[in-house]
Amino acid sequence: LRVVPGFDLFRGPGKFAIFAVMFVAMLAAAGAREILQLPRRTWPFALVLAALSATAIVLAFGVRNAFGEGTWSDLISQLQPGWEASKRLPANFTFLSAQFAAYSLIFAGISSAIVAVLIGAASKWRWSGAALLAFGVIELTGFAWYSRATVDLSAMVNPEVGATCAELPEGTRVMDRRVGLNLLPWRVRNAWGYDPIMLKRYRDFVRYASDFDLESIDMDHNIDVSDRILAMVNCAYVVDSRPGDRKRPRAIDNPLPRFSFPSWVVVEPDEVKRLELIHNEAFDPRETMVLEVAPEYGPTGETIDGAVKVIDESTDAVTLEVDVNADAVLLMGDAYAKSWKIDNLGEAAQQRYTLMPANHALRAIPLAKGHHRIRLSYGPLSYAIGFWVTLVSAPAFFLVSLASLSWHVRHN
């Protein structure tokens with residue numbers, strides 16, 4: 001769907017897929033064959049739909065004329081939006097929400113009226129069933145398109161920031177001082193992240209030396225993280241993506257590369273002491289890394305001559321070719337999580353690899369001297385469960401559908 005105009009930005013395909021899956025599920029439950037061959041006596045159902053249509057339109061005008069007052073206002077006031085939306089609500093949100101609800105009810109009423117007409121015409125028009133299916137597809141596409149338009153990211157971003165990000169190599173890490181999704185169209189990596197859910201290790205790493213409360217951050221909050229911490233996570237720029245903000249993007253001085261080979265390893269299993277060590281001004285992440293357990297292979301103080309090449313990368317996997325002239329630990333400026341796994345692709349100086357946390361929140365891979373070809377992939381338990389459930393249920397669904405079709409063919 002990303003090649004279809006209008007579906008090439010964030011959440012477009014996902015939002016459309018939700019509506020499409022619901023439509024197909026309801027179609028399967030109702031039976032497309034039964035819809036195409038509507039019975040002759042359909043007027044009672046058509047009358048019910050007509051009544052629902054009239055009710056929806058009356059409710060729509062009632063909500064619209066109230067202008068968000070009374071019961072509607074009381075209902076909205078009871079909503080407790082999460083931190084992501086707490087300060088994004090405009091002053092006239094109650095009125096706007098009432099207006100949106102009214103339009104949705106009108107849309108539902110008109111759709112119900114059209115369906116009532118098509119079903120009621122089944123006794124006189126043989127193509128009413130096919131027209132009903134076609135209308136379902138049109139309604140699905142129109143409603144999905146309308147919903148997708150509410151996340152038009154290109155209209156939300158500071159044009160100067162957009163121009164800067166457009167010139168950066170894809171994958172460059174940038175820190176947006178505004179919590180949000182505005183950098184997504186430029187495919188840059190946001191050092192803060194695009195999701196309200198944050199890994200605990202990374203959260204603790206960022207907020208340790210910061211003067212803001214992470215738990216109360218909202219979409220209008222300015223995130224101020226020290227340049228020293230941003231440099232440790234391979235961040236190249238600090239920007240403010242809010243439209244109208246005239247602050248120019250600011251470059252971070254000498255950020256660490258995404259892949260590096262520090263000459264020294266310090267082992268510190270205690271979390272508090274580890275964070276204190278990492279955030280100490282005397283700590284140089286270019287020379288030293290902090291691990292929680294001793295690595296199988298590691299440097300002994302000498303300068304490591306190493307090279308890393310990214311062979312392939314996606315959102316949940318990366319394939320690397322690494323060459324080192326001595327035993328070393330590869331430090332990656334990417335966030336560590338237990339669900340990241342590492343596999344030996346066969347062209348390697350060692351048989352078994354271990355992915356471990358480094359500098360509390362980042363990734364480290366102990367490497368023996370020589371050539372390595374490895375693949376890191378993200379595979380949480382929830383994905384494995386979903387995969388096996390799908391693997392079992394999909395053939396079962398196909399067999400049940402085939403049996404149902406066979407029964408209909410034999411008895412009709």
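**Strand pairing and a cavity**

Modeller: Strand E10 and strand E13 (residues 362–367) pair in the antiparallel sense over 6 bridges; strands (E, at least two residues) and helices (H or I, at least four) are DSSP runs numbered from the N terminus, and pairing requires at least two DSSP bridges. The model is predicted, with local features needing pLDDT of at least 70, side-chain atom pairs counting only at pLDDT 80 or more, and totals for chains, interfaces and linings using all residues. Residues are numbered from 1 along each chain as its sequence is written, and side-chain values use heavy atoms, without hydrogens and water.

Colleague: Which residue in E13 is the bridge partner of Leu331?

Modeller: That partner is Ala364. Leu331 of E10 also stands opposite Ser260, and strand E5 (residues 259–260) is joined to E10 by 2 bridges, running antiparallel.

Colleague: Why is E10 largely enclosed?

Modeller: Of the 8 residues in E10 (residues 328–335), 7 are buried, so the rest of the structure largely encloses this strand. Buried means under 20% relative accessible area with a 1.4 Å probe, protein chains only.

Colleague: Turning to helix H8, which of its residues are buried?

Modeller: In H8 (residues 200–207), these are Tyr202, Asp204, Phe205 and Val206. Their cover includes helix H9 (227–232), helix H10 (271–279) and E10.

Colleague: And how much space lies in the second largest cavity?

Modeller: About 40 Å³. H8 gives the largest share of its lining, 3 residues, and the lining residues divide into 10 nonpolar, no polar and no charged.

Technical notes:
Buried means under 20% relative accessible area, exposed over 50%, partly exposed in between (1.4 Å probe, protein chains only). Contact means heavy atoms within 4.5 Å. On a 1 Å grid over the protein atoms alone, a cavity is a set of points where a 1.4 Å probe fits but cannot get out, and a pocket is an open set with protein on both sides within 12 Å along at least five of seven lines; lining residues have an atom within 4 Å of a point. Grid points are joined across faces, edges and corners, and a volume is the space filled by probe spheres set on the points. Ala, Val, Leu, Ile, Met, Phe, Trp, Tyr, Cys and Pro count as nonpolar, Asp, Glu, Lys and Arg as charged, and the others, Gly among them, as polar.
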